[in-house]
Structures are given as structure tokens and as C-alpha cells.
Amino acid sequence: MTLYDFLPSGNGYKVRLLLSQLGIPFTLVEKDITKGETRTAEFLAMNPNGRIPLLVLDDGRRLAESDAIIYYLAEGTPFLPRDRFARGEVLQWMFFEQYSHEPYIAVVRRIVHMERRAADPDKVERGYQALGVMEGHLAARRFFVEERYTIADIALYAYTHVAHEGGFDLARYPAVRAWLARVAEQPGHVPIAQREFAR
Ligand SMILES: N[C@@H](CCC(=O)N[C@@H](CS)C(=O)NCC(=O)O)C(=O)O
């Protein structure tokens, strides 16, 4: 399989992390989003939404949207519970990540860290609100669902562990920090790529 990705991307990192933990080999094709490489006619023909990550299976089928990709890859593995309600909870946290977390924490990181601009205070506030929800849930738990590491943790870890690059201070979120450390200890864990962006 081939993964179209941009290495500093947290959305792409979710897929790379799970592929590593599943021991699945893949070909990486990097597209530099800062140079519009996902907006070319060639790429838009593969993903009309013009975004990475994009997974292309060996039979040519394509899957976009990071959380859909990791849901697909996790099927039948310990990273996705079998229990019906627990699967619903996994999806609950993945939808939370896409609607209430990523649009603030990832977008602020992109503006501050990659584009070297000041972030909208409202987006920062909403990012802290998402961290507050996570802190409340994790205060009495080790992981988001069923007390074990699942793709819900991968989805939320991707941008939370680099939230400081967007200027977020996690000092007030001890349960989130403890959970970040637990996720980083999981077998097969790989780090996100670090890259310097020009000022
Ligand atoms: N909801 C999508 C978001 C994907 C996304 O925003 N990708 C960004 C990089 S993190 C991108 O490709 N941006 C390039 C562009 O919009 O031109 C997902 O979870 O995969």
C-alpha cells in the first residue's frame, strides 16, 4: 500500500503510527502541503478534497480522511474493540477529535509553528476547551476506551502531543500529560517527524 503524506502532519502521523504498530510495510510518497503539492491536477484526481493523508491500496482503491484510514486499518486488530458499544465510544472520540479538537489544536499549531503567524484567540480558547474535556475523561482512566490503547488514543495523541508547538500549555492538564506518556510507551511507537519552518 502507498501512503501519500506530509511528514510534519499529525493527521498523516496517525496513519504512520498505526502502520508501524501493526507492522504493515508501506510506500511513503511525500507531498509538501506548504508548496501546494496536494492541489495539483494529478493529486486532485486521487483525492478531490486536496488533502493528505491518502492511502492507496495495492488493488488501487483509495481512502482519505485520517480517522477513516485508521479505522479501516484497525479492523480485526486489538486497536479496535469488538464490543459494539466500545466501538461506538471509539467513534465518539474520533468524531470529537475531528470536530472539537483538530480544528483548533492542529490549526493553531499550523498557523504558529508552520506559518509563523499569530493564532486567533478564539481558536486557542476552543483548543483549551477540548483539552479540558480530555482531562476530565482521563482523570480516572488510563486510555479513552475500555482501559486499553485503541485508535481513539492514536487519533487524539497525534495533535495533543505537539500542542505545545502551537503555544498550548499543558501544565494544567496532568491527566492528559500522564496519558501522553502512556501512549508514547506503547510497543512499536514511532515519533512524528520534526521539521523547521522558516520565520
Ligand atoms: N479531516 C482530514 C484533514 C486532512 C488535512 O487537513 N490535511 C492537511 C494536512 S494536516 C492537508 O493536506 N492540507 C493541504 C491543503 O489543504 O492544501 C483528515 O483527518 O485527514
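**Salt bridges and their surroundings**

Modeller: Arg-126 is partly exposed, at a relative accessible area of 37%. The model is a predicted one. The partner of Arg-126 in a salt bridge is Asp-122, with the closest N and O atoms 3.2 Å apart. Asp-122 is likewise partly exposed, because its relative accessibility of 42% falls between the limits of 20% and 50%. Both residues belong to helix α5 (residues 121-138), and as they are 4 residues apart, about one helical turn separates them. Elsewhere, salt bridges with shared partners join Lys-14, Asp-67 and Glu-97 into one network. In total the structure holds 11 salt bridges.

Another of these pairs is Arg-16 with Asp-5, whose side chains meet at 2.4 Å, N to O. This pair links distant parts of the chain, since Arg-16 is in helix α1 and Asp-5 in strand β1 (residues 2-5), 11 residues apart. Arg-16 and Asp-5 are both buried.

A further salt bridge joins the side chains of Glu-75 and Arg-87, at 3.0 Å from N to O. Glu-75 sits in the loop between α3 and α4 (84-114) while Arg-87 is in helix α4, so the pair ties together parts that are 12 residues apart in sequence. Glu-75 is partly exposed, with a relative accessible area of 45%. Arg-87 counts as buried because its relative accessibility is 19%, and the cut-off for buried is under 20%.

Next, the helix pair α1 and α3. The axes of α1 (residues 10-22) and α3 (residues 66-74) come within 9 Å and cross at roughly 10°. The two helices are therefore roughly parallel, as angles under 35 degrees count as such. On the α1 side the contact is made by Asn-11, Lys-14, Val-15, Leu-18, Leu-19 and Leu-22; on the α3 side, by Ser-66, Asp-67, Ile-69, Ile-70, Leu-73 and Ala-74. Sorted by class, this contact has 8 nonpolar, 2 polar and 2 charged residues. Lys-14 and Asp-67, both in the contact, also belong to the network with Glu-97.

Last, an arginine in a strand. Arg-62 is found in strand β4 (residues 62-64) and is partly exposed, at 47% relative accessible area. Leaving out residues up to four places away in sequence, Arg-62 touches Ala-45, Met-46, Leu-54, Leu-55 and Val-56. A polar atom of the Arg-62 side chain lies 2.9 Å from the backbone oxygen of Met-46.

Conventions:
Residues numbered from 1 in each chain as written. Predicted model: local features only at pLDDT ≥ 70, side-chain atom pairs only at ≥ 80, totals over all residues. Heavy atoms only, no water. Axes fitted to C-alpha atoms, helices over the stretch in contact; angles between N-to-C directions. Parallel < 35°, antiparallel > 145°, perpendicular 65-115°, else oblique. Contact = heavy atoms within 4.5 Å. Nonpolar A, V, L, I, M, F, W, Y, C, P; charged D, E, K, R; others polar. Buried < 20%, exposed > 50% of the residue type's maximum accessible area, 1.4 Å probe, protein only. Polar contact = N/O pair within 3.5 Å; in protein donor to acceptor, adjacent residues only side chain to side chain. Salt bridge = Lys/Arg side-chain N within 4 Å of Asp/Glu carboxyl O.
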